[in-house]
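Hi,

Here is the structure I promised to send over. Have a look at it first, and then read my notes below.

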Amino acid sequence: MKAGKTTRTGGMADGMAGGMAGGDAQQADAAPAVKPKADPRESSLFVGSTEKTFQILHAFDGPHRQMPLSEIAKAAGLDRSAAQRLVYTLETLGYLRRVHGTRNYALSPKLLQFSYNYLRANELIEKASPYLLEISRSVGETANLQELDGHEIVFVARFPGRHLVNIDIMVGSRLPAYFTASGTAILSRLSEEEREEILARTDLRPLTPFTVNDPGRLRARVQEAAEKGYAVVTNETVMGDISVAAAITDEHGHAVAGLNISVPTTRWTPESAEQELARHVQVAATSISVNKFAGYPR
């Protein structure tokens with residue numbers, strides 16, 4: 001009798017435990033999704049007028065080098081009255097200038113002070129420049145240093161070789177990271193979560209007829225770069241360009257920049273570029289990476 005009672009009690013306990021476990025599982029399944037992060041713009045600390053000021057400056061990101069007030073307002077997404085006040089302020093401070101003989105405005109050289117201050121204070125550029133210069137002189141081709149900014153890479157140093165492919169690319173130029181060799185190399189040293197976030201933000205419209213914009217193929221290319229230690233991209237951002245790149249990493253193995261050599265398709269094939277140049281970018285990137293960027297912002 002006692003044994004039977006014990007059995008019944010155990011069965012009831014098991015059933016209760018199972019029911020509780022099932023209830024916990026249902027509660028877990030029914031748990032609300034993690035709330036998205038609050039928009040920083042909704043903070044009382046956010047200054048909307050400052051944002052509008054930068055909207056005016058970013059109006060010149062497009063193809064127009066100079067514009068009248070009406071076009072600036074349209075490009076900035078502001079009404080004419082607000083645009084007029086901000087343009088007047090920026091002109092008074094010297095960051096915009098009136099184009100002589102017209103009603104157009106253009107950016108002024110004073111804006112370059114910010115670029116100069118950034119480049120002068122960037123420890124990574126200081127460490128990488130001797131290696132870029134050596135590549136440019138010994139290989140005779142253009143060497144570049146790029147940093148990741150959001151879903152794009154930004155050229156922060158450029159040492160032209162004897163056979164410059166594209167004169168429109170200069171310090172400050174931006175390209176989608178997933179479409180470039182340097183970007184692919186950088187992405188190969190990031191976490192999968194970081195890669196996916198960047199891919200989700202990337203405009204996948206092709207830049208040339210040869211741009212790879214299929215997400216599956218882009219992921220595969222990043223994985224291949226992770227295995228090889230370098231990336232090769234041909235004709236995908238600029239026609240006639242082959243780029244071979246490797247990632248520069250910090251002491252934790254996390255990518256902080258990319259280094260690439262750019263060569264023309266008239267003198268190189270993707271195969272010859274990979275065979276000859278991969279070792280140059282890998283050696284340079286590794287040599288720069290061993291330096292500890294104590295003051296480098298992460």
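Before the details, one cut-off: a polar contact here is a pair of N or O atoms within 3.5 Å, and within protein one of them must be able to donate a hydrogen and the other to accept it. Also keep in mind that this is a predicted model.

That cut-off matters for Gln146, which sits in strand S3 (residues 142-149). Its side chain makes a polar contact with the side chain of Asn260, at 2.8 Å. Is Gln146 buried or exposed? Its relative accessible area is 1%, so Gln146 is buried, the limit for that being under 20%. Leaving aside residues up to four places away in sequence, Gln146 touches a run from Ile153 through Val154 and Phe155 to Val156, then Ser182 and Ile186, and finally Ala257, Gly258, Leu259 and Asn260.

Now the chain as a whole. You'll find 10 helices and 8 strands in it. Of its 298 residues, 38% count as buried. The chain exposes about 18,000 Å², and 55% of that comes from carbon and sulfur atoms. If you take the contacts with a separation of 6 or more, 56% of them join residues 24 or more positions apart.

Next, a helix pair. Helix H2 (residues 48-58) packs against helix H4 (residues 80-93) at an angle of about 75°, and their axes are 10 Å apart. Angles of 65 to 115 degrees count as roughly perpendicular, so that is how H2 and H4 lie to each other. On the H2 side the contact involves Ser49, Lys52, Thr53, Ile56 and Leu57, and these meet Ala83, Leu86, Val87 and Leu90 in H4. By type, the residues of this contact are 6 nonpolar, 2 polar and 1 charged.

Not counting residues up to four places away in sequence, Phe60 touches Arg65, Gln66, Met67, Ile72, Leu96, Tyr105, Ala106 and Leu107. Of these, Ile72 is 12 residues from Phe60 along the chain, with 7.9 Å between their C-alpha atoms.

Asn122 counts as buried, at 7% relative accessibility. The side chain of Asn122 reaches the backbone nitrogen of Leu124 at 2.9 Å.

Cheers

Notes
Residues are numbered from 1 along each chain as its sequence is written. This is a predicted model: local features need pLDDT of at least 70, side-chain atom pairs count only at pLDDT 80 or more; totals for chains, interfaces and linings use all residues. Side-chain values use heavy atoms; hydrogens and water are left out. Axes are lines fitted to C-alpha atoms, for helices over the stretch in contact, and angles run from 0 to 180 degrees between N-to-C directions. Helices (H or I, at least four residues) and strands (E, at least two) are DSSP runs, numbered from the N terminus. Angles under 35 degrees count as roughly parallel, over 145 as roughly antiparallel, 65 to 115 as roughly perpendicular and the rest as oblique. Contact means heavy atoms within 4.5 Å. Ala, Val, Leu, Ile, Met, Phe, Trp, Tyr, Cys and Pro count as nonpolar, Asp, Glu, Lys and Arg as charged, and the others, Gly among them, as polar. Buried means under 20% relative accessible area, exposed over 50%, partly exposed in between (1.4 Å probe, protein chains only). Accessible areas come from the Shrake-Rupley method with a 1.4 Å probe; for residues, only the protein chains shown count as cover.
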